[in-house]
Structure formats: C-alpha cells, structure tokens
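Okay, everyone, let's get started. I'd like to walk you through some charged pairs today, and then one more residue.

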Amino acid sequence: MTPVDFGRGTLVVRTRALSLRLDTRTIVTTTVFLALAVVVLLLALASGEAPIPLPRVVRALFGGGTAAEHMVVVDWRLPRALLAVLLGAALAVSGAIFQSLTRNPLGSPDVIGFSAGSYTGALVVIVILGGGYYQIAAGSLAGGLTTAVLVYLLAYRRGVQGFRLIIVGIGVTAMLGAVNTWLVLTANLNEAMQAATWGAGSLNGLGHDQLWPVLTVTAVLLPVTIAFGPVMRQLELGDDAAAATGVRGGTARLALVVVGVASTALATAAAGPIAFVSLVAPQIARRITGTSGVALIPSAALGALLLGAADLAAQRLFAPSQLPVGVMTVSIGGCYFVWLLLRESNRS
C-alpha cells in the first residue's frame with residue numbers, strides 16, 4: 001500500500017487485477033465503529049439477570065467455561081446480540097441506498113413508506129388471519145415489497161426522480177398509517193397488544209431460529225450492496241455523467257431499489273419496523289467521515305453499533321422489564337433531529 005496525496009489521507013492498493021483508493025479517515029472511522037460494536041456486543045453478552053465477567057464470556061464463546069455459562073452466553077444472549085448488529089447494518093445500508101438515490105437525507109425507508117407497508121402486512125396477518133411469528137414475518141415481507149412496487153410505479157415518470165419518490169412515499173405512508181390505525185382499532189385486546197409490540201420493533205424472544213436466516217440473507221445482501229457503491233457514486237453525478245461512464249441509470253436505480261427494499265424487508269420481517277436507524281446512521285456516518293456522499297461501509301458499521309447499543313439499553317435501563325428496541329431507536333432519532341435543528345439554527 002502506497003500513500004498518495006489526494007487532498008485527504010489516502011491509501012492506494014494496486015494488484016494485477018484491480019486498483020483501490022481508500023480514504024484514511026474513512027478506514028479509521030469504520031474501524032472505530034466496528035470496535036465499539038464489538039464492545040457493545042460483549043457487554044450485551046456479559047450483562048443481564050445473571051451477570052458474567054467478560055473474560056468468562058470470551059471463554060464461553062470459544063467453547064470453554066461451564067455448561068451454565070455456555071448456555072447463557074451462546075444459547076440465550078448471543079443470537080439476540082448478533083441479530084441487533086446484523087439488522088442494524090442492514091437497515092443502515094438500506095437507508096444509505098435510498099438517500100443516495102433520492103439525493104436527500106430524508107430519503108429513507110421510514111419516510112418513503114416501506115416500513116409502514118411492512119407494518120400493514122403484519123397487521124393483516126395478526127388481526128385478520130391470526131397467524132404466528134413466521135406468518136407475521138411473511139406478511140410483513142409481502143407488505144413491504146408490495147408498498148415498494150406501488151411507490152415505485154406511482155413515482156415513475158420516464159424514470160424515478162428522488163423528490164417525486166419522497167413525495168409519493170410520504171403520501172402512501174399517510175394512507176397506510178390510516179389503514180394501520182383502523183386495523184388496530186378493530187382488533188381485540190390481545191391482538192392490539194401484539195400489533196403494538198410488533199409495530200414498535202422488538203428483538204425480545206428472538207433466538208437461533210431467527211438468527212440463521214438473517215445471517216444467511218445478510219451475507220448475500222451486504223457484498224452485493226457494497227459492489228453497487230461505485231454505481232451509486234456515478235448516479236449521484238447525474239444521469240448524463242453516469243451514462244458517459246457506462247452506467248444505465250434506469251436499470252441501476254431499479255437494481256438498487258430491489259437491494260434496498262430487500263435489506264429493509266429482512267429487518268422488518270425479523271423484528272418489526274425499527275424506526276430511525278436507516279434514516280440517522282448514514283447521515284451521522286457521512287458527517288463523521290467527512291465524505292461528500294453517503295458511504296455504505298461506514299453506514300453499515302455505525303448502524304450495527306447504534307442498534308446494538310439501543311438493544312442493550314432497551315434490555316438494561318428498566319430491568320427486569322425489557323423495552324422494544326424501537327422505543328430506544330426513536331429516542332436516538334429524536335436526539336439527532338434536535339441536534340440537527342440546533343446546528344442549522346446556529347448556522348442561520
């Protein structure tokens with residue numbers, strides 16, 4: 001690796017097959033995010049009603065320790081902690097994709113309507129069909145994908161423009177919100193409570209059965225999304241500039257929408273619509289790394305850190321009661337918006 005001066009600290013990696021230019025600040029920031037995410041994960045494994053010292057947690061992860069420690073750390077706590085990290089990364093990547101496509105910091109699945117559509121699909125299964133967890137997850141997935149197709153078609157006018165996509169998404173979100181409210185009001189008490197828990201986004205009760213599908217899909221989606229990084233940067237320059245470099249704007253946008261919706265649907269199907277991670281993580285990562293556009297890998301690392309920390313707080317702040325993790329992410333999102341408003345006010 002040879003240091004090259006491009007105005008910022010940069011590392012260039014050259015091989016016979018490829019050449020990469022890596023921003024030093026981005027590398028350091030991403031490494032810090034990942035290290036903090038690992039620390040949060042270890043704290044989640046160590047804390048609880050039966051606290052276990054960190055050295056024993058590490059020993060249990062590598063097959064040592066007592067049978068009781070292995071059961072608590074590996075069988076009970078590890079799946080939830082890993083799910084928080086994986087789903088946080090998936091949500092952040094999805095938000096980064098849509099914010100890049102729309103060229104707007106509000107262009108996230110929360111705003112565009114995909115999360116509301118997923119909640120509608122889950123409510124239909126809960127209230128009308130009376131299904132269990134996997135049926136609810138399937139309904140949520142179907143609702144999110146259907147909403148994505150609807151928003152895309154309504155926003156399509158010789159291509160999809162970012163502003164039109166956001167406006168259509170806000171309108172669809174409002175209509176789905178009314179439908180969701182009606183479904184909850186017509187449900188009985190138990191169904192309404194189940195719907196409210198799902199709607200808040202919760203990792204409570206999730207285990208290995210949910211971890212392996214999420215891990216498998218994430219292992220496919222994240223590399224595919226990262227491979228689209230250069231295409232996203234070309235699209236941000238405009239369709240003419242992208243076409244000049246061989247990127248077909250319409251096809252590339254459709255592919256990115258599919259990948260972004262799949263990432264959101266994965267998280268929503270597993271844990272419900274977890275708000276604000278996809279909206280906040282890419283923007284905070286962009287501001288800390290100092291990049292001109294939305295960066296995928298730092299966003300994924302920060303999303304993993306935010307959701308992991310939010311879930312740890314949801315478990316321990318009001319122990320022995322456990323809050324839905326969505327309650328904590330909404331609080332994080334609210335704090336971010338207050339900071340953003342104060343910052344813009346000071347600028348003006």
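This is a predicted model: local features need pLDDT of at least 70, side-chain atom pairs count only at pLDDT 80 or more; totals for chains, interfaces and linings use all residues.

Residues are numbered from 1 along each chain as its sequence is written, and side-chain values use heavy atoms, with hydrogens and water left out.

How many salt bridges does a search of the whole structure find? Two, where a salt bridge is a side-chain nitrogen of Lys or Arg within 4 Å of a carboxyl oxygen of Asp or Glu.

E69 pairs with R56, and their closest N and O atoms are 3.2 Å apart. E69 sits in helix α3 (residues 67-102) and R56 in helix α2 (residues 54-61), so this pair ties together parts 13 residues apart in sequence. Helices here are DSSP runs of H or I, at least four residues, numbered from the N terminus. R56 is partly exposed, at 35%.

Then there's R80 with D311, at 2.8 Å, N to O. R80 is in helix α3 and D311 in helix α14 (residues 296-316), so that pair ties together parts 231 residues apart in sequence. Both R80 and D311 are buried.

**And I226**

I226 is in helix α9 (residues 208-227) and is partly exposed, at 41%. Beyond its neighbours within four places in sequence, I226 contacts L296 and I297, contact being heavy atoms within 4.5 Å.

Terms used
Helices (H or I, at least four residues) and strands (E, at least two) are DSSP runs, numbered from the N terminus. Buried means under 20% relative accessible area, exposed over 50%, partly exposed in between (1.4 Å probe, protein chains only).
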